[in-house]
Amino acid sequence: GFWTRGGAAQSFEDCVARNNLGWGFYTECGPSAVVYRLKSYSNSGPGAGGDCGGPTRYIDSQMYKNTGFGVLVSMPTELINCTVADNAGPSVYVTQTTVLVRNSVITGVALPTVAGGIMDIDYSLVEGGKAGIVRPYEANLTYGPNNLTTDPKFVSAATGDYRLADNSPAIGAGGPDRKSTRLNSSHTDI
């Protein structure tokens, strides 16, 4: 997988992390990182995450079918237009930090968990809705009014194709933060 530590701000594009013994993508003690179009899957640890660093932004990324968490973070993190699905551990696990989730799909086997810190989620599709997010206190979650809880209708999750199918309820349901990356689309998708 990928492991970054310290140094200047970093940017990663079009990375694939799969079948690793441990993390797919890990950021530690760095000033900041922006990760575009990461596909992290079938790793024996979390798909992505980090500890004790500057903010990390995952944009248009997918973390799926990892045997650990989908995303495990204890540093400021943003998930923008991401899909976190079908991981063995909690889809998103937050400790002592703030995680912003926009225009993303959070679904799968285990529920998102806010063990400490805050998760701010809106314009996203969250399996189980607000009640499906494990948290010790209500203040740990800012759950916006624009979230969906329905089946995201992926093209073919069984074969690892987590793109939204043409009949997905997430198409056109996204917020103003980011434009869709779908071809021939003028509206915002989750």
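Trainee: Let's start with a strand pairing. What stands opposite Phe-25 in β7?
Mentor: Opposite Phe-25 you'll find Ala-48 of β7. Strands here are DSSP runs of E, at least two residues long, numbered from the N terminus, and two strands pair if DSSP finds at least two bridges between them. This is a predicted model, where local features need pLDDT of at least 70 and side-chain atom pairs count only at pLDDT 80 or more, while totals for chains, interfaces and linings use all residues. Residues are numbered from 1 along each chain as its sequence is written, and side-chain values use heavy atoms, with hydrogens and water left out.

Trainee: Thanks. In which sense do β4 and β7 pair, and over how many bridges?
Mentor: Parallel, over 4 bridges, with β4 covering residues 25-28 and β7 residues 48-51. On to β10 (residues 71-74): β7 pairs with that strand over 4 bridges, also in the parallel sense. Within that pairing, Gly-49 has Leu-72 as its bridge partner in β10.

Trainee: And the open sheet, what's its strand order?
Mentor: The order is β2-β5-β8-β11-β14-β17-β19, 7 strands with parallel pairing. At the edges stand β2 (10-13) and β19 (141-143); each has a single partner strand, so one side of each is left without a neighbour in the sheet. On average, neighbouring strands of this sheet are turned by 10 degrees against each other, direction ignored. For that angle, axes are lines fitted to C-alpha atoms, and angles run from 0 to 180 degrees between N-to-C directions.

Trainee: What joins β2 to β5?
Mentor: 4 bridges, with β5 spanning residues 33-36 and the two strands running parallel. Gln-10, for example, is opposite Ala-33 in β5.

Trainee: Switching to rings. How many aromatic pairs are there?
Mentor: The whole structure has 8 aromatic pairs. Rings of Phe, Tyr and Trp (its six-membered ring) pair if their centres lie within 6.5 Å; planes under 30 degrees apart are stacked, over 60 edge-to-face, and the rest tilted. Tyr-41 and Tyr-64 are stacked, at 4.9 Å centre to centre and 0 degrees between the planes. That pair links distant parts of the chain, 23 residues apart: Tyr-41 is in β6 (residues 39-41) and Tyr-64 in β9 (residues 62-64).

Trainee: Which other ring pairs with Tyr-64, and how do the planes lie?
Mentor: Tyr-162 does, in a tilted pair with 4.5 Å between centres and 40 degrees between planes. Tyr-162 sits in β21 (residues 161-164) and Tyr-64 in β9, so the pair ties together parts 98 residues apart in sequence.

Trainee: Are those two tyrosines buried or exposed?
Mentor: Tyr-64 is buried at 4% relative accessible area, and Tyr-162 is buried at 2%. Buried means under 20%, exposed over 50%, and partly exposed in between (1.4 Å probe, protein chains only). Elsewhere, ring pairs link Phe-2, Phe-12, Phe-25 and Tyr-58 into a cluster.

Trainee: How many disulfides did the search find?
Mentor: 0 in the whole structure, where a disulfide is a pair of cysteine sulfur atoms within 2.5 Å.
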